[in-house]
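Thank you all for making time this morning. I would like to walk you through one model, going from the chains to the places where they meet, and then to a few individual residues.

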Amino acid sequence: MSAGMTSEEPSFKREMLAALPSLRAFAMSLIGRHDRADDLVQDTIMKAWAKQDHFEMGTNMKAWLFTILRNELYSQMRKRGREVQDSDGYFTESLAQHPAQYGSLDLQDFKRALETLPPDQREAIILVGASGFSYEEAAEICGCALGTIKSRVNRARQRLQDILQVTGENEYGPDAISAPITSRAFIS
Amino acid sequence: MTDDHGARHQIARSARTDNPNAQIATKLRALYLSVQEEAIPDRFLDLLEKLDAVERQSMPDIAE
C-alpha cells in the first residue's frame, strides 16, 4: 500500500484500538502479570506502527497484531534468557487484583492450572479457545502446521482436565470418593 | 449438605463429568474476558496519539 497514507492512517489507528483489549488479554494470558503484559503490548504497538506499511487494510488486524506480539515475546525471551512468566508473580498479583470478582477462587485455580502448561500448549488453547481464532489462523500466528496446533490444543485440554479434576476435589471438600477414606480415618 | 456449598459442588461435579471440555472452555473465556473487558489504559491511548502526531509532522521514519 503506497498511496493515500493520510486517509489510511486514522483507520489503521482505529483498527488497532479496536484490537487492543483482546491483545492485552492475550498478553496477560501468556505472561500472567499486568505490568509485564502491558509492557509487551506497548512494544507491540511500537513495532506494528513502524510496520504499518506492511499491513493490508481489510485483512485481519487482530491476527497481525497477535503475530507481532508473539514474535516480540519470544525474541525478548531469547535475549533475556528467561521464562515466559514468573510463577510467583502470576498468582500473587491476580489474587490482589480481582479479590471480589465473581467466581474468582475458581478462576484462580484455573489460572494456576493454565500456568503449568508448556508455553506452546498454553498459547494454542488461548488462541483457539479464548481469542476466537480458527485452528488455521492460530497455526499461522504461531508459524506452525495445522496438525501441530490441533495436537497442542488437545494436549492442553487433556492436561487442564487432569489438573482441574484434582484441584476441584480438594476445593469442595469431602465427596463420594474421599468421604469413605475420611470416615475410616476417624474410626481407627 | 443442602446449602449452596453443596449446590456448588454439584454444579462443579456435573460440569466436570458431563463435559469437562465445556467447563474448561468457559473458564478460559472468563479469565480472558476479565482482562479484555478492562478499559484500555491511558498509556496506550497516549502512545497512539503521540505516534500519530509524530507521523503527521514528519515523514514516517520511526522504524528501527
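Of the 64 residues of chain B, 14% count as buried. Please keep in mind throughout that what you see is a predicted model, and that every value I quote has been computed from it.

Chain A, for its part, has nine helices and, once again, zero strands, and its elements, read from the N terminus on, are α-α-α-α-α-α-α-α-α. Chain A has 188 residues, of which 31% count as buried. If we take the contacts in chain A with a separation of 6 or more, 64% of them are between residues 24 or more positions apart.

Now to the place where the two chains meet. The contact takes 33 residues from chain A and 28 residues from chain B. On the side of chain A that touches chain B, two or more residues come from each of helix H1 (5-31), helix H2 (34-50), helix H5 (104-115), H6 and helix H8 (146-171). Which of these gives the most to that side? The answer is H1(A), with eleven residues. Sorted by class, the chain A side of this contact holds 16 nonpolar, nine polar and eight charged residues.

In soluble globular proteins, nonpolar side chains tend to be buried together. In this model the largest nonpolar core has 45 residues, and those that touch the most other members are Leu23(A), Phe26(A), Ala27(A), Leu65(A), Leu69(A) and Ala138(A). Two or more residues of this core come from each of H1, H2, helix H3 (61-80), H5, H6, H7 and H8 of chain A, together with helix H2 (20-36) of chain B. Here too H1(A) gives the most, in this case ten residues.

I would like to look at two helix pairs within chain A, both of which involve H7. In the first, helix H6 (residues 119-129) and helix H7 (residues 135-142) pack with their axes 9 Å apart, at an angle of about 140 degrees. H6(A) and H7(A) are therefore oblique to each other, and their crossing is right-handed. From H6(A) the contact draws on Glu123(A), Ala124(A), Leu127(A) and Val128(A), and from H7(A) on Tyr135(A), Ala138(A), Ile141(A) and Cys142(A). By class, those residues divide into seven nonpolar, no polar and one charged.

In the second pair, the axes of H3(A) and H7(A) come within 9 Å and cross at roughly 35 degrees, and this crossing is also right-handed. The residues that make the contact are Ala63(A), Phe66(A), Thr67(A) and Arg70(A) on H3(A), and Glu137(A), Glu140(A), Ile141(A) and Cys142(A) on H7(A). Here the division is four nonpolar, one polar and three charged.

Phe110(A) has its place in helix H5 of chain A. Is Phe110(A) buried or exposed? Phe110(A) is buried, because 22 other C-beta atoms lie within 10 Å, where 20 or more are needed to count as buried. Leaving aside neighbours within four places in sequence, Phe110(A) is in contact with Leu164(A), Lys27(B) and Leu31(B). Phe110(A) and Leu164(A) are 54 residues apart along the chain, yet their C-alpha atoms are separated by 7.2 Å.

The other two residues are both in helix H2 of chain A, namely His34(A) and Arg36(A). Arg36(A) is buried, with 20 other C-beta atoms within 10 Å, whereas His34(A), with 18 such atoms, is partly exposed. As for distances, the C-alpha atoms of His34(A) and Gly58(A), 24 residues apart along the chain, are separated by 30 Å, while Arg36(A) and Val128(A), 92 residues apart in sequence, are 23 Å apart in space, C-alpha to C-alpha.

That is where I will stop, and I am glad to go back to any part of the model.

Key: Residues are numbered from 1 along each chain as its sequence is written. Chains are lettered from A and ligands numbered from 1 in the order in which they are written. This is a predicted model: local features need pLDDT of at least 70, side-chain atom pairs count only at pLDDT 80 or more; totals for chains, interfaces and linings use all residues. Helices (H or I, at least four residues) and strands (E, at least two) are DSSP runs, numbered from the N terminus. A residue is buried if 20 or more other C-beta atoms lie within 10 Å of its own, exposed if 12 or fewer, and partly exposed in between; C-beta atoms are placed from the backbone. Two residues are in contact if their C-beta atoms, placed from the backbone, lie within 7 Å. Axes are lines fitted to C-alpha atoms, for helices over the stretch in contact, and angles run from 0 to 180 degrees between N-to-C directions. Angles under 35 degrees count as roughly parallel, over 145 as roughly antiparallel, 65 to 115 as roughly perpendicular and the rest as oblique. A crossing is left-handed if the near helix is turned anticlockwise from the far one by less than a right angle, and right-handed if clockwise. Ala, Val, Leu, Ile, Met, Phe, Trp, Tyr, Cys and Pro count as nonpolar, Asp, Glu, Lys and Arg as charged, and the others, Gly among them, as polar. A nonpolar core is a set of buried Ala, Val, Leu, Ile, Met, Phe, Trp, Tyr and Cys residues joined through C-beta atoms within 7 Å.
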